[in-house]
Amino acid sequence: MTPDTTAAARIDVVNLTAFYHGQPAVADVDLVIEPRQVTALIGPSGSGKSTLLRCMNGLHLTVPDASLTGQVLLDDADIYAKGSNPVEIRQRVGMVFQRATPFPTMSVRDNVLAGLHLGRRLGRGPHDDVAEQALTKAGLWQEVKDRLKAPAASLSGGQQQRMCIARALAVEPEVLLMDEPCAHLDPISTLTIEDLIREIKETYTVVIVTHNMQQAARVADTTAFLTMSAVGEPGRLVEVGPTERIFSSPRRQTTEDYISGKIG
Amino acid sequence: MAAPASTSASAARRGLPRRLSVNTAMTVVLCLVTAGVVALLLWILGYVAGQGLKYLGPMFLTHTPPGDPSQAGGGFANGIVGSLVIVGIATGLSVPVGIAAAVHMVEYRGRLARACGFLTDVLIGLPSIVTGAFVYALWVAHFGFSGLAGAVALGLIMLPLVIRATAEVLRLVPVELREASLALGVSRARTVMSIVLPTARSGIVTGVMLAVARAMGETAPLLLTALGNDLFLETNPTRRMSTLSLQIFSNAITGFATAQARAWAGTLTLVVIVLVLSVGARLISRRGIVRSAR
Amino acid sequence: MTPLPGSPTPRRRVRGRWHGTDTVFQYAVRAAAALVIVVLVATAVFLVQQAWPALRQYGILSYLLSDRWAPSEATATGRHPNPYGIAQFAYGTAVTSLIAMVLAVPVAVAVSLYLTEIAPRWLRRWLSGLVDLLAAIPSVVYGFWGIFALIPAVRPAGVWVSRTLGTAPVIGPLFAGPFFGVSYLVAGLVLAIMILPIITAICREVFATVPTEDKESALALGATRWEMVRMAVLPRSRSGIAGAAVLGLGRAVGETIAVTMVIGNNALSITTSLLGPGATMASVIANEFTESTEPFHLQSLMVVGAWLLVIALAVNTVGKLIVRRTREDIA
């Protein structure tokens with residue numbers, strides 16, 4: 001593979017607190033996301049993993065009555081600084097959701113290219129290469145190359161999710177955020193996507209939220225554990241470190257309790 | 001291999017200023033269109049208020065129009081009373097029947113209920129003048145024009161509105177509530193009467209108020225049924241009667257400035273009644289939602 | 001099914017156990033529901049029954065084939081030609097409703113998009129309340145306001161259109177002649193305002209059913225808010241918008257008193273110019289009903305009413321089915 005022209009970016013989360021309706025959902029987070037690595041965010045439901053993830057591309061602020069304090073630095077530039085452009089940030093930081101979200105009225109090809117044409121009409125030509133490349137990276141090309149014009153909904157669940165990854169990659173982001181991408185998939189599709197994650201980290205920075213600790217252990221280089229002191233309290237970052245260390249010798253008792261299945 | 005990809009992706013990024021200005025432009029357009037619609041509403045209400053206030057007063061509310069429409073003075077007392085009588089009877093006819101039909105639709109299901117649901121929607125789309133012609137054929141052709149015929153026509157117009165509004169709130173009443181009551185050995189009828197309907201009360205009241213507001217403003221079907229009576233105050237619904245809407249219509253199209261002045265005052269009166277009913281209905285339904293959320 | 005041994009009434013299916021009051025109650029509410037069907041059927045039956053003498057006199061087809069409405073030429077015995085042609089009313093209904101739809105649908109879509117996707121949350125409730133108020137204003141008020149406020153306001157535009165487009169090729173006849181004020185165009189304009197809140201309400205509902213996931217994945221790809229609307233909201237809502245437009249059309253077709261006041265009531269024949277007076281099926285009934293003294297005059301108005309019933313039911317049923325199917329698709 002030729003080296004990509006875009007460089008994987010590094011993210012620094014600095015003293016971040018995110019609110020819904022004025023209530024903090026996750027508080028006082030300081031976290032460094034290294035480039036070309038997979039960072040996993042783990043923790044019980046309600047610990048603010050997804051909210052933290054959604055702060056990394058500004059999607060959090062598209063929710064009504066949501067707000068945040070603190071900073072998220074994308075290659076040292078605060079994405080929430082005045083003058084920074086949310087649209088540009090979302091192009092640089094791609095995202096894959098829990099449920100595959102194919103645009104139901106578009107074909108497979110148009111779905112993959114959706115981030116490039118963004119609602120405008122797109123002619124034929126060089127774009128087909130982009131689609132092929134993105135689908136190849138997502139490990140889906142062989143399976144769909146003959147059905148590019150088929151409606152996206154005709155793909156299986158696992159294929160749809162990989163198509164959504166291809167769609168995110170086609171925009172050439174520097175970071176890829178994944179919000180429990182395998183939550184609704186069968187074990188085989190899950191393994192396929194985990195392989196894919198290990199492959200794309202060569203070129204991208206990957207952050208993955210997961211409920212599944214085995215999954216974190218399998219794919220992540222770094223693991224961050226979040227939890228809240230009680231239901232309704234904001235989530236906080238408890239511990240972060242190399243995945244192996246977190247799982248073998250956690251420094252905090254709560255981390256150990258969670259990993260050994262005592263909580264969550 | 002990566003070259004074409006990076007060109008299109010960075011092309012999308014280079015086009016960013018243009019895309020952002022398209023976004024801003026469309027946002028402004030949508031905002032302006034909405035502002036335009038609101039301005040239109042304010043224009044209509046402002047114009048009605050401006051024209052209506054010129055003549056609206058105690059005299060207008062308590063007197064009947066002069067025998068000669070070209071003369072100044074007088075008012076729509078007979079129309080106001082007629083509207084209250086006719087819409088009152090129409091409400092008395094349509095509300096019990098409408099609630100009962102909605103109860104059947106939601107509580108008993110079945111083929112008749114499904115048919116009733118679809119036909120209610122169809123009835124809502126029935127032009128009111130057609131309903132007027134129906135009541136003419138059913139009633140007026142045999143017994144002559146009367147306030148009662150007008151009330152039947154308005155009742156038929158209100159009926160599907162009441163059914164739909166009631167059915168919508170009945171569906172929101174939790175099944176658990178019904179089952180809890182039935183499990184206590186309470187009969188189905190009692191469950192509906194003393195548990196389901198009271199729970200849905202504020203929603204039903206909202207629906208009825210909106211239907212009353214609609215009936216208050218109806219004119220066309222009344223031309224074919226109540227006919228109107230500009231001469232004197234009539235309180236007997238078996239004779240032809242005037243309503244506020246009929247008097248607005250007949251005075252508006254006379255061509256006499258004096259009659260039009262009365263019609264504007266009548267229009268303002270009607271609009272105030274209808275807006276109070278509509279806004280009141282909204283407030284009640286909002287309060288109802290808050291209460292059930294607690 | 002084989003009856004259980006010892007079962008007293010083996011073949012009776014048990015549907016439910018009703019106590020005395022329950023049976024009465026159940027029949028009462030069932031009767032109320034049945035009344036809805038009775039009303040609809042009776043409406044059709046009674047209208048046709050009233051129209052029957054005229055239909056027998058002139059035949060069904062002669063009504064639709066003529067555009068000349070001249071009650072004074074009717075006689076008690078004459079059968080041909082039918083003095084009650086109604087093609088011009090069908091034309092008037094079609095033209096005014098189409099003008100209304102063409103004007104109202106884009107505005108309604110724009111307003112609904114603004115209200116569901118763009119307006120700040122605290123503003124949404126107020127703005128939707130205000131737009132809904134447009135639906136509360138009675139028809140007769142729109143008509144009166146149309147005569148005295150709208151017509152003077154659009155007169156300069158009407159005159160300008162008649163001067164510039166009136167002589168244009170192809171579309172010229174549509175805008176030929178002087179601008180009368182009362183006209184198809186103004187009737188269409190008033191109808192557009194009246195159906196706007198209905199279409200807006202349905203569009204808002206349709207847009208609100210687009211899943212948040214779809215919108216967020218468009219945003220996550222770097223779409224601007226408008227691009228998100230084009231990618232995720234509009235494609236999913238196409239048939240819902242179509243259904244809303246058809247339901248708006250159904251309302252416009254049957255709207256009576258406002259149209260009667262601003263269309264000019266020219267029942268004589270089809271006039272092509274949109275700037276001149278005309279009549280619709282609903283307006284001719286309202287306008288002539290109480291003064292129908294000629295032979296078969298009232299019965300012929302009932303013929304118009306029966307056709308109006310058929311058209312309105314057809315349009316509304318189509319609209320309902322489209323909207324209903326859209327909802328099921330999403331669910």
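The interface between chains B and C in this predicted model draws 67 residues from chain B and 67 residues from chain C. Two residues are in contact when their C-beta atoms, placed from the backbone, lie within 7 Å. On the side of chain B that touches chain C, helix α2 (residues 16-53) of chain B supplies the largest share, 17 residues. Helices (H or I, at least four residues) and strands (E, at least two) are DSSP runs, numbered from the N terminus. This side of chain B consists of 50 nonpolar, 13 polar and four charged residues. Ala, Val, Leu, Ile, Met, Phe, Trp, Tyr, Cys and Pro count as nonpolar; Asp, Glu, Lys and Arg count as charged; the others, Gly among them, count as polar.

Residues are numbered from 1 along each chain as its sequence is written, and chains are lettered from A and ligands numbered from 1 in the order in which they are written. Local features need pLDDT of at least 70 and side-chain atom pairs count only at pLDDT 80 or more, while totals for chains, interfaces and linings use all residues.

An unreviewed UniProt entry places the feature "transmembrane region" at residues 20-49, 80-106, 118-139, 145-163, 195-216 and 263-284 of chain B. UniProt positions follow the numbering used here, feature names are shortened, and annotations may be inferred rather than shown by experiment. Residues 145-163 of chain B are 89% helix and 0% strand, with end C-alpha atoms 28 Å apart. Residues 263-284 of chain B are 100% helix and 0% strand; here the end C-alpha atoms lie 31 Å apart. For chain C, UniProt (unreviewed entry) records "domain: ABC transmembrane type-1" at residues 90-319. That span of chain C is 75% helix and 0% strand, and its end C-alpha atoms are 20 Å apart.

Chain A has 11 helices and 10 strands. Its radius of gyration is 18 Å, close to the 18 Å of the globule rule for 264 residues, so chain A is as compact as a globular protein of that length. The radius is taken over C-alpha atoms, and the rule is 2.2 Å times the number of residues to the power 0.38. Of the 264 residues of chain A, 50% are buried. A residue is buried if 20 or more other C-beta atoms lie within 10 Å of its own, exposed if 12 or fewer, and partly exposed in between, with C-beta atoms placed from the backbone.

Strand β3 (residues 38-42) of chain A is largely enclosed by the rest of the structure, because five of its five residues are buried. A:Val38, A:Ala40 and A:Ile42 point one way from β3(A), and A:Thr39 and A:Leu41 point the other way. Strands pair if DSSP finds at least two bridges between them. β3(A) runs parallel to strand β8 (residues 205-209) of chain A, joined by four bridges. It also pairs in the parallel sense with strand β9 (residues 222-228) of chain A, over four bridges. A:Leu41 has A:Val209 as its bridge partner in β8(A) and stands opposite A:Ala224 in β9(A).

The predictor gives the complex an ipTM of 0.92 and a pTM of 0.88. Chain C has a mean pLDDT of 88, with 92% of its residues at 70 or more. pLDDT is the predictor's confidence in each residue, from 0 to 100. Over residues 1-10 of chain C the pLDDT is below 50, and beyond near neighbours in sequence this stretch has one contact in the model. Where pLDDT is low, the predicted coordinates should not be read in detail.
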